[in-house]
Protein chains: 2
Amino acid sequence: MARMPTVDDVARAAQVSRQTVSNVLNTPEIVRDNTRERVQRAIDELGYRPNASARRLRTRRSATIGIRLDPLRDGISGAVLDRFVHKLAEQADARDLRVMIFSAAGNDDELSHIRRLRDGSDVDAFVLIGTDHGDPRIAWLVDHHVPFVSFGRPWGAPADDPRHRWVDVDGRAGVRDAVLRLAERGARRIAWIGWPSPSGTGDERRAGWVEACGLSESDQDALACVTEDGVAHGRACADRLLALPEPPDAIVCASDSLALGALMAAQAAGLGDLPIVGFDNTPVAAAVGLSSVDQPLDDVVAAALELLFGESGETVRPNPDSNEEPTHRLLVPRLVERRSTHLLLDGNPGA
Amino acid sequence: MARMPTVDDVARAAQVSRQTVSNVLNTPEIVRDNTRERVQRAIDELGYRPNASARRLRTRRSATIGIRLDPLRDGISGAVLDRFVHKLAEQADARDLRVMIFSAAGNDDELSHIRRLRDGSDVDAFVLIGTDHGDPRIAWLVDHHVPFVSFGRPWGAPADDPRHRWVDVDGRAGVRDAVLRLAERGARRIAWIGWPSPSGTGDERRAGWVEACGLSESDQDALACVTEDGVAHGRACADRLLALPEPPDAIVCASDSLALGALMAAQAAGLGDLPIVGFDNTPVAAAVGLSSVDQPLDDVVAAALELLFGESGETVRPNPDSNEEPTHRLLVPRLVERRSTHLLLDGNPGA
DNA sequence: TCGATCGTTTTGATCGATCAAATTATTCGG
DNA sequence: CCGAATAATTTGATCGATCAAAACGATCGA
């Protein structure tokens with residue numbers, strides 16, 4: 001295969017110096033029109049493309065974002081992260097950024113990958129997805145001045161540390177709206193199926209239910225079911241709830257996996273019309289007609305990139321250390337209603 | 001942030017020359033034990049990491065694989081590709097390879113990305129997923145000597161062109177086995193829900209059904225239903241099949257999406273025990289207890305990497321042009337049986 | 001003891017771009 | 001029409017590694 005043309009080749013062809021070619025590429029506004037056109041023509045004719053490695057070596061920027069792909073767990077809820085990665089690839093592309101993925105077994109492993117990718121100047125900045133209580137990664141990244149943004153709040157730590165840029169979705173508001181909507185449609189005993197505490201995301205979503213369900217404390221205790229994520233677990237919980245002396249007339253779940261399980265339990269119990277709401281609006285929810293709280297992933301990704309790179313651009317903004325510019329963003333989800341909540345209207349009051 | 005140490009820093013600390021440090025890293029066997037240990041100690045103490053960009057510039061290798069993430073379609077079947085990408089990240093990691101993702105709107109767009117990434121020496125080799133009939137990408141890649149491997153056969157082109165390395169799963173065998181299994185359990189009229197022709201993958205899977213279903217041509221026509229992929233489409237097809245004067249006593253589908261739709265149709269028709277088999281063994285299938293043909297993605301990824309990089313190593317093997325070494329691999333899927341095919345045993349013969 | 005041979009280490013050049021500073025061309029007020 | 005200020009372009013150095021070839025040192029047979 002023929003050698004790729006370099007700046008020098010272009011320079012020779014256009015009768016200018018290397019630097020002028022470089023300028024046409026990077027700061028075209030300082031090159032005279034006449035010259036710029038001539039150079040551009042040479043570039044096109046030769047099919048020149050800048051060598052990314054050389055540029056990176058010199059500029060110490062890679063215009064590349066790193067993101068970890070977890071070993072998939074459930075596969076249904078995990079789909080959110082996949083969707084996130086897709087969106088990230090799309091929007092990064094639009095900004096002329098590259099996205100590099102890596103997999104890691106645990107947090108320590110992830111950090112060692114991050115270190116390797118960064119020290120090798122392979123990657124400029126990282127996106128973390130899914131933050132935990134007292135997530136050790138965040139402290140490490142902040143301490144080591146690694147530019148990053150997380151999709152997920154710093155649970156258990158002050159949320160306004162400017163050195164930690166984050167984007168998140170207000171799950172509490174999302175669940176609250178869902179509950180209110182169900183109430184509006186006639187539901188009185190709305191149950192909750194969620195994850196064990198402490199779970200940042202899970203506790204927050206549950207809080208939305210507590211806030212809006214209008215149940216007494218003892219009823220809350222009776223109608224809240226805590227379990228690991230997963231369809232089977234959701235089903236078991238729902239079975240238990242439906243067997244209560246005063247069963248719920250609607251169920252809100254912390255995830256679509258749980259909700260799908262609940263849906264199956266309801267159908268098995270002959271309660272095919274029990275309104276159920278999930279969370280994440282995964283493709284499965286759409287497929288089976290399950291209402292679900294939808295996270296605005298497009299906006300999440302856009303916000304994440306903006307926090308890292310600014311309005312438009314491919315250069316990472318330095319790690320902020322003061323609150324001059326906002327360093328986090330909380331977005332509002334929205335309920336997507338499908339058959340599972342419309343049933344109340346179809347002449348089949350669930351209670 | 002302090003400057004990262006370079007080979008020179010290490011060399012100075014270990015009282016050797018840069019090249020010796022480089023040798024310790026790349027060809028340790030030619031360095032004397034004594035020296036190697038001393039250098040290694042210096043590397044550890046300084047926390048030295050080779051700069052990937054510099055290395056790439058010099059060696060003209062990036063040790064990076066590129067892969068396109070489609071804008072997601074269905075989301076259920078698309079999950080296979082996501083799983084593939086995960087596995088790829090994991091196994092690439094084990095070989096010290098990096099994976100870069102990009103998104104593209106269409107085939108042309110994908111090619112222009114590939115060109116950019118390759119000409120910039122960002123990426124050494126590409127993985128294509130999902131090949132179509134007369135896929136234009138393949139001809140282009142072969143013509144331009146871009147190293148690549150595809151997950152998917154060259155439908156409509158000779159499959160043994162050594163310049164096209166590919167891995168695929170024998171969908172025909174997978175479906176055949178599923179059909180035989182259903183027959184073994186007593187099913188006589190096994191229906192097929194699949195995609196419109198020509199579709200490489202789809203036609204192949206259907207061929208498996210034709211081969212094993214043991215139906216007359218006219219019965220085949222009656223019991224085969226063709227539709228786009230998607231849960232709703234699957235459901236519509238199944239509704240039609242179940243309304244036949246002689247309805248099927250089992251259904252095999254070209255995808256889990258279709259199968260999920262079929263499952264819903266069966267349940268709605270009070271045929272909760274109708275055996276249904278999907279394809280791809282997605283998380284959803286597992287969640288709802290749907291039997292499905294599972295593609296051995298671990299093996300697929302391993303084979304893809306092996307075709308590109310050899311037994312072990314991070315250097316792309318040159319584009320082969322003769323058949324000295326095998327350049328493709330066809331793997332066998334396996335049926336994962338769940339409730340939906342066991343029902344025949346549970347005392348509810350479907351026929 | 002000398003030169004040939006082998007294994008080990010070092011030196012100089014290079015990959016392809018950008019940075020910083022120097023140089024040349026142009027504009028403009030007086 | 002001149003010199004200062006500004007715009008446009010060029011030159012030399014550099015990023016951090018590896019390649020290719022040269023230099024070095026030890027071993028060994030003649």
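Predicted model: local features only at pLDDT ≥ 70, side-chain atom pairs only at ≥ 80, totals over all residues.
Local features need pLDDT of at least 70, side-chain atom pairs count only at pLDDT 80 or more, and totals for chains, interfaces and linings use all residues. Residues are numbered from 1 along each chain as its sequence is written, chains are lettered from A in the order in which they are written, and side-chain values use heavy atoms, with hydrogens and water left out.

The interface is summarised below, where buried area is the accessible area (1.4 Å probe) that two parts lose on being put together, summed over both, and a salt bridge is a side-chain nitrogen of Lys or Arg within 4 Å of a carboxyl oxygen of Asp or Glu.

| Chain B with chain A | Value |
|---|---|
| Buried area | about 4400 Å² |
| Buried area on carbon and sulfur atoms | 59% |
| Salt bridges | eight salt bridges |

B:R49, B:H86 and B:I101 supply 13% of the area that chain B buries against chain A, more than any other three residues. A salt bridge joins the side chains of A:R116 and B:D96 at 3.8 Å, N to O.

Strand β2 (residues 98-103) of chain A pairs with β2(B) in the antiparallel sense over three bridges, and A:I101 has B:V99 as its bridge partner in β2(B); strands are DSSP runs (E, at least two residues), and two of them pair if DSSP finds at least two bridges between them.

Within chain B, six strands form an open sheet of mixed pairing, in the order β7-β6-β8-β9-β10-β12. β7 (224-226) and β12 (334-336) of chain B stand at the edges with a single partner strand each, so one side of each is left without a neighbour in the sheet.

Technical notes
Helix = DSSP H or I, 4+ residues; strand = E, 2+ residues; numbered from the N terminus.
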